[in-house]
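Please have a look at the sequence and the 3D view before reading on.

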Amino acid sequence: MSYRIAVRALCEFAAKRGDLDLRFTPSPSAQEGIAGHQLVAARRGERYEREIALSGSYHHLDVRGRADGYDPDANRLEEIKTHRGDLARQPANQRSLHWAQAKVYGHLLCAERGLDRLTVTLVYFDIVSQRETPLAEQCSADALRAEFEAHCQAFLAWAQQELAHRRRRDNALKSLRFPHAGFREGQRPLAESVYKAIHTGRWLMLQAPTGIGKTLGTLFPLLKAMPGEPLDKVLFLTARNTGQRLALEALQTLGAGGRCHRAESRVSAPDETGALPLRVLTLTARDKSCEHPDKACHGDSCPLAAGFYDRLPAARAAAVERGWLDRAGLRDTALAHHICPYYLGQEMARWADVVVGDVNYWFDFHAMLYALSQQQQWRVGVLVDEAHNLVERGRGMYSATLDHGAFRRLKPTLPAPLKRPFSRVAAIWQALADESEADYRVIETLPGKLIGALQQAVSQVVEYQSEQPIALDGELQRFAFDAQHFCRVADVFGEHSICDVTRQAPRGRQRRAGAQVTLRNVVPAPFLAPRFAAAHGGALFSATLTPEAYYRDLLGVAPDAPWLSLDSPFHDSQLAVHVAASLSTRYADREASLTPLADRVAAQFRARRGNYLAFFSSFAYLERVADRLAERHPDVPSWRQASRMDDAAREAFLARFDASGEGVGFAVLGGIFGEGIDLPGDRLIGAFVATLGLPQVNPVNEQMRVRLQALYGRGYDYAYFFPGMQKVVQAAGRVIRSPQDEGVIHLLDDRFGRREARALLPDWWPTASLD
């Protein structure tokens, strides 16, 4: 059995030394890099060869890659690297890595074409000035072969370990059994449909109700499919942290992590510890895993960056030995070897079997897992939990905003070298703000002058950053990243997006209004579709994935992706549903609704004492109804969600829902308590939903409605109605969580009685009583 590895991965493993150093950043985007490569190649002669597929072997290593270019007339191989900023400030270890890659390609080319000698050239292309800096070296084929074999030899022991691990893993997964005596109702067809999807290399759109055991029911078949497909990795992606926790619990139930299991468990895991030989990694955002947020990511500033690549081999070996790398495990391993936990996580994504993380790691512009998958040619199976969130999350990934207020606050603090480029940005930005007196307007063409000025400013920040540490959470660093992201979104702007300008009122001593400029994605499908295609297959699953056409249109799944809705394990006898047919919670009727809402909540509480959740469209509405309840019915206990709650405050809010407790928790629909929380049994016996959840009617949402109408002919439904009802069903779904639960749902608005609203409620719900 051979071990396949990409040239870049081989060199990064064997040739990287020294400090972690991010000063020579921000690097060009993928689009800028492609454009730079194309421009350099276009400058070459007619016989110039581009993107040459090369491969070679050493013992059981199969090394593959694509060389950027070869000029047969000059016998010169070129490795093209795009950059921005002064090349003289490039870290030495980064230059050394580039030479290693170029020379490995040089050996593969010599071996394939029988060349005795070769000129190996690094071509650095500045995307701003569009100047080339070539660095050439004359190499014999023997010298190139020796360097290639040295890198391979450095990787060989690791490759042998990885092959042995893959055999153990696949043998264990072939004999893996479901960990419980039987499947829950509906869980077997769920598992079978996921297995079939991955076996046929397709994506499955799966609407699976709460209580069916979706997490375990999707992970189990994907793990079973790993040996046969074969899959290199399984990615479990979530939009909320609660989904990550459930995934880790399911993996432990299946035997990963060495956890002891109950007697009915039937895990087959042939290793001496009794654990499933599965490496599991949880990825955590940099701002949550950084140990020194006041320091920059290079060895002169951060102690965990100094000598990072020198200590990485030992940390990497310890991490694979540990196997279970949740957030705590990864941090412990990293700090034990005095390296950065975040960047150890980035490294271990290469060697993990199952990666649990946010959806952004596969779907957004900077998606690390997607980029690695493309580089390493992995076959991956992907599970997306709570997939209904991917519409809004996808929009956010491919939108960008520049806030004039934040920019103005930054300007007085700028160091001298940055004042001139930022003054140019300020002047162009202010001119854009002054073009119209309208508070909000959509502009048909991109603000090209502003984008050009931002690109220049970012380049100057890179120059400055190479000499001066910039704190990770500093205003300058944040603006530089925001500006770079804005320019990248501008590169892919199209009919799926709108560009708008919102005037911001002057503050303090300011005489003129500023402007917030936004490139706002409306349809993420064009960006998400290639990411679906890059996976071997997978499943998008949620309890609310209706209507089918809405999610197909906006997410961009392939036309042949099957859509399946599974029956609920619950029965209509478990639930009572009431619709307030004569009550309006429309904005104009809010004042009149306060007393009826408070009285209805109190009446239900007295009819059956216990714990309830009440959902409202805004914090202001929530506060007014809660105040009215306290005023008219002081005997009804209540507690309220606050607009900003840290982890401790959230836990305290949920802790009030004790099985023996009584009262009403007030929350905002679509917020942190509207989905992803589990309060089974008597912890929650009812919910009130006092809104359809429709997004606010404002100029932005109206522009989105207009664009969606033009694209799909259902502007109101796609912009307002479907997203609102999805939030309602998610919130109401907190009530019945297990086959033993019983509860009540009050839908408090007359519009819930309309046919189109009832059509979007779960099929298993009983017919609502109108009262």
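Is Cys152 buried or exposed? Cys152 is buried, because its relative accessible area is 0% (buried means under 20% relative accessible area, exposed over 50%, partly exposed in between, with a 1.4 Å probe and protein chains only). This is a predicted model, in which local features need pLDDT of at least 70 and side-chain atom pairs count only at pLDDT 80 or more, while totals for chains, interfaces and linings use all residues. Residues are numbered from 1 along each chain as its sequence is written, and side-chain values use heavy atoms, with hydrogens and water left out.

**Cysteines**
- The count of disulfides is zero, a disulfide being a pair of cysteine sulfur atoms within 2.5 Å.
- Cys152 has its closest cysteine sulfur in Cys11, at 8.8 Å, which is too far for a bond.
- For Cys340, the closest cysteine sulfur belongs to Cys290, and 6.3 Å is again too far for a bond.
- Cys340 counts as buried because its relative accessibility is 12%.

**Aromatic rings**
- The whole structure holds 35 aromatic pairs (ring centres of Phe, Tyr and Trp, its six-membered ring, within 6.5 Å; planes under 30 degrees apart are stacked, over 60 edge-to-face, the rest tilted).
- One of them joins Phe605 and Tyr612 edge-to-face, with 6.5 Å between centres and 65° between planes.
- Phe605 is buried at 0% relative accessibility, and Tyr612 is buried at 0% too.
- One aromatic cluster is made up of Tyr550, Tyr551, Tyr712, Tyr718, Phe721 and Phe722.

**Charges over rings**
- Lys233 sits over the face of Trp378, 4.6 Å from the ring centre (NZ of Lys or CZ of Arg within 6 Å of the ring centre and within 35 degrees of the ring normal).
- Arg590 lies over the face of Tyr621, at 4.3 Å from the ring centre.
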